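This report describes selected features of the structure shown below.

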Amino acid sequence: MSGFKRLLSLLLLVQLAVGVPFASSENGTEMATGTSSAAEPSSTVPFASTDPNLALWNETSDPSIVVPERGKLGATILGPDNLPIDLENPDLLAPPTTDNGFVGNAKWPFAQSKQRLQTGGWARQENDVVMPLAANIASTNMRLEAGAIRELHWHKTSEWAYVLKGSTQITAVDQLGRNYIATVKAGDLWFFPPGVPHSLQATADDPEGSEFLLIFNAGDFDDSATFLLTDFLAHIPAEVIQKNFRASAEAFSKIPAQQLYIFPSTPPPDNQQDPVSPQGMVPLPYSFAASEMKATQLSGGSVKIIDSRIFNISTTIALAEVEVEPGAMRELHWHPTQDEWAYIINGHARMTIFAAQSVASTFDYQPGDIGYVPTGMGHYVENIGNTTLKYLEIFNTDIFADVSLSQWLALTPPELVQAHLGLDEATLESLAQFKTKLFIVGPE
């Protein structure tokens, strides 16, 4: 090493030792500046804008105002356009100025899923094929006419369900031969562990039958890959079936040659005599009467949190059933360990997802829409309609968990919060109201 390089190296080591910062020269070489001062946060970057960034229209608005413009940004569309979709998605066509980049598509309407039509009902699914962001949860929306049966079947994954309308008789037998039979109604849940064979049948309690939402703890789940009783036996040699059941050829001569999936039948009678297993019933019920559970009332709405602590068998799915009044919002928060799969039942919602690295995207949701928020991404859910917003937050976990932004700041030393956000004393003191998590923030 030359004398000059040794001297330069020595000078750099001295500068590091005394804490002198470095600046980049034009050619990218790091050079010592020789001075150091700690800048105030306000002089480091400009302040964030306080201008409103409301959704600019909704599906009932005059189509003439539906243009990709916000303030001085954007321009009209000159080519073809799908106006009905634009009306439902103002924050995609004219995003708030706080949006930046794109987190991926966090909205999927079930109305865009292909319907599987059967005699006695239908089914439609959502998975990572249609919604790549939804890597850890998939779903099926299913409708059965009164008496119709979703045939005896099983899955590699667990199956969790929320009943939307009507009532459904569920049956199951576990690996130890213990059985379970129950009827679940609107707002109730069921859960079957992986591999446990079961069936679903709409009762006649509602003349229209039943409709429900099925949740599977794998984003690549495909409902058509279900193991079905009829499909199984149709692909087993007849003599093997006869040997297995110790029966004649005539006894099993009417096995369907292909799967039934959904098919019509007679509704289960009220006085049905259920089989009694010599092994007894399953120790943990496969259903939960969530419709009878009292919701926690909050300022601006209510919530029911149901996970394995009260629905003990549900070890892979946790639920928050949320209602938000007009003008209120599900507070700014994130989920520390699991993705959130959301489903809108009633009302209209708006959600911004913050994905770190200055990336944020805002979405609008209507009834029947699915939302998805990956682990750790900050978000809120705001009721932007005139009626109560009711939606489900569903997680692939045994215990529900979320982190409240307001509670975090309220329980952090105020000097630290002030240094970051420049809040005045009155605002800092007001954070004390958030030491207990609000979950929902009511309108002022």
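## Surface patch and sheet

Helix α8, which spans residues 414-421, contains Glu-415. The model is predicted. Glu-415 has a relative accessible area of 59% and is therefore exposed, as the cut-off for that class is over 50%. Together with Asp-424, Glu-425 and Glu-429, Glu-415 forms a negative surface patch.

The second topic is the sheet. Seven strands make up an open sheet with antiparallel pairing, in the order β6-β7-β8-β15-β10-β13-β18. The edges are held by β6 (116-118) and β18 (287-288); each has a single partner strand, so one side of each lacks a neighbour in the sheet.

| Strand pair | Bridges | Sense | Facing residues |
|---|---|---|---|
| β7 (residues 121-126) and β8 (residues 138-144) | six | antiparallel | Arg-124 and Asn-141 |
| β10 (residues 159-165) and β13 (residues 189-192) | four | antiparallel | Trp-160 and Phe-191 |
| β13 (residues 189-192) and β18 (287-288) | two | antiparallel | Trp-190 and Ser-287 |

Strand β13 pairs with β10 and is joined to β18. How are the faces of β13 covered? Leu-189 and Phe-191 are buried on one side, and Trp-190 and Phe-192 are buried on the other.

Key
Residues numbered from 1 in each chain as written. Predicted model: local features only at pLDDT ≥ 70, side-chain atom pairs only at ≥ 80, totals over all residues. Heavy atoms only, no water. Patch = residues over 30% accessible without salt bridge, like charges linked within 9 Å, V, L, I, M, F, W, Y side chains within 5 Å. Areas by Shrake-Rupley, 256 points an atom, 1.4 Å probe, with all protein chains shown as cover. Salt bridge = Lys/Arg side-chain N within 4 Å of Asp/Glu carboxyl O. Lys, Arg positive; Asp, Glu negative; His and termini not counted. Charge placed at Lys NZ, Arg CZ, Asp CG, Glu CD. Buried < 20%, exposed > 50% of the residue type's maximum accessible area, 1.4 Å probe, protein only. Pairing = 2+ DSSP bridges.
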